[in-house]
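Biologist: Hi! Could you walk me through this one while I look at it?

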Amino acid sequence: MSNARLDRLTAADPLEPAPRLEPEGTAKLAFLRARRQLGPSPAADVYARGAAADLPPASIDAARFVAGLAPDDLEPADRAALFHLLLAVTHDARLGSTRTPALGEKGRQHLRARLTPLIGFEAAEQAPDRIASLVQRGVPGVLPSSSTATAVPPLPVVVDGDHVAPHRLFVIEQRVLRATVARVDANAAFADDAIQAALADVQARPVRRGSSPAPLSREQAHAVARAAGRRLTVVSGGPGTGKTSIVVGLVRTLARLGLPPARILVAAPTGKAAHRATEAVRQG
């Protein structure tokens, strides 16, 4: 985003009504517009400590902004505890976790470990108890109490059992969960006899590696048959265990079951894995 565009966004009037903090992005826009009026002012060394812990200034600013949404009459110690909790939640999310342990012994140990690099050992030792009390009581406009009903309130963070999660990640996780359950509970994609016939044809015409045929192993064929008959299948294993061969065998089986190739999509999480999958499918 250009500086001119950012300046126009931050200078605009606040959104009316106040945006719900959901994955659509209105919360980010509100944050950009309010960055000049952030909440509590942590010591400058929080930013230096954050940089050393791979937590960028923008993430610390976001934690400050959300803490600043708390009511003005919130005690300074509770506001600091809220900021520290948001720091931990933000850092966990950056490291790939969808939620942060905040209650019980597990929460106490996790918060100490996560906050020590950010606020120092002494402050991190005292923070978990104050944070736990805050989570149990809740903070209006920011944090629901741990006794809140199952409905997800439109607040920046969500309490889920003994954990606290960013609202956005929690909503997305629930969507993935519902989609997964729907696929698990769905009827079989193809009949077993049709799958076995298609797989037998795949095995009769195996992929060649160099000049030698490379049919699927018994375990790989079993995985292909199960995947072809279900809406969702998880195949795990380390490098060299044959996962890519299973993908190729599944694609070939689905094509023989009459699924149009244009409806078969192969994706991978990294460029290297995508290249490997692409080459394997082309060769197969």
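Biologist: Before that, what kind of model is it, and how are residues numbered?

Modeller: It is a predicted model, with residues numbered from 1 along each chain as its sequence is written. Local features need pLDDT of at least 70 and side-chain atom pairs count only at pLDDT 80 or more, while totals for chains, interfaces and linings use all residues, and side-chain values use heavy atoms, with hydrogens and water left out.

Biologist: Great. How many helices and strands does the protein chain have?

Modeller: There are 12 helices and 5 strands. Those are DSSP runs numbered from the N terminus: H or I over at least four residues for helices, E over at least two for strands.

Biologist: And how much of the chain is buried?

Modeller: Buried residues are 36% of the 284 in the protein chain. Buried means under 20% relative accessible area, exposed means over 50%, and partly exposed is in between, with a 1.4 Å probe and protein chains only. The chain exposes about 16600 Å², and carbon and sulfur atoms supply 54% of that. Those areas come from the Shrake-Rupley method with a 1.4 Å probe; for residues, only the protein chains shown count as cover.

Biologist: What share of the contacts links residues 24 or more positions apart?

Modeller: They account for 56% of the contacts with a separation of 6 or more. A contact is heavy atoms within 4.5 Å.

Biologist: How many bridges join strand 1 to strand 3?

Modeller: There are 2 bridges between strand 1 and strand 3 (residues 163–166). Pro 101 has His 163 in strand 3 as its bridge partner.

Biologist: Switching topic: how many salt bridges did the search find?

Modeller: The whole structure has 15 salt bridges, each defined as a side-chain nitrogen of Lys or Arg within 4 Å of a carboxyl oxygen of Asp or Glu. One of them pairs Asp 78 with Arg 130, with the closest N and O atoms 3.0 Å apart. That pair links distant parts of the chain, since Asp 78 is in helix 5 and Arg 130 in helix 7 (residues 121–137), 52 residues apart.

Biologist: Is Asp 78 buried or exposed?

Modeller: Asp 78 is buried, at 5% relative accessibility, whereas Arg 130 is partly exposed at 35%. Beyond four places in sequence, Asp 78 touches Arg 130, Leu 134 and Arg 137.

Biologist: What about Arg 108 and Glu 105?

Modeller: Their side chains meet in a salt bridge at 2.7 Å, N to O. Arg 108 and Glu 105 are about one helical turn apart because they are 3 residues apart in helix 6 (residues 104–119).

Biologist: And Arg 282, which residue does that pair with?

Modeller: Arg 282 forms a salt bridge with Glu 279, with the closest N and O atoms 3.6 Å apart. Both are in helix 12 (residues 271–283), 3 residues apart and so about one helical turn. Arg 282 is exposed at 64%, and Glu 279 is partly exposed at 27%.

Biologist: Nice. Where is Thr 244, and what does it touch?

Modeller: Thr 244 lies in helix 11, and leaving out residues up to four places away, Thr 244 touches Arg 276 and Ala 280. The C-alpha atoms of Thr 244 and Ala 277 are separated by 6.5 Å, though these residues are 33 apart along the chain.

Biologist: Last one: what is phi for Asp 54?

Modeller: Phi of Asp 54 is near 65°, a positive value in a residue other than glycine. Asp 54 sits in the loop between helix 3 (44–52) and helix 4 (57–67), and is partly exposed at 47%.

How values were computed. Pairing = 2+ DSSP bridges.
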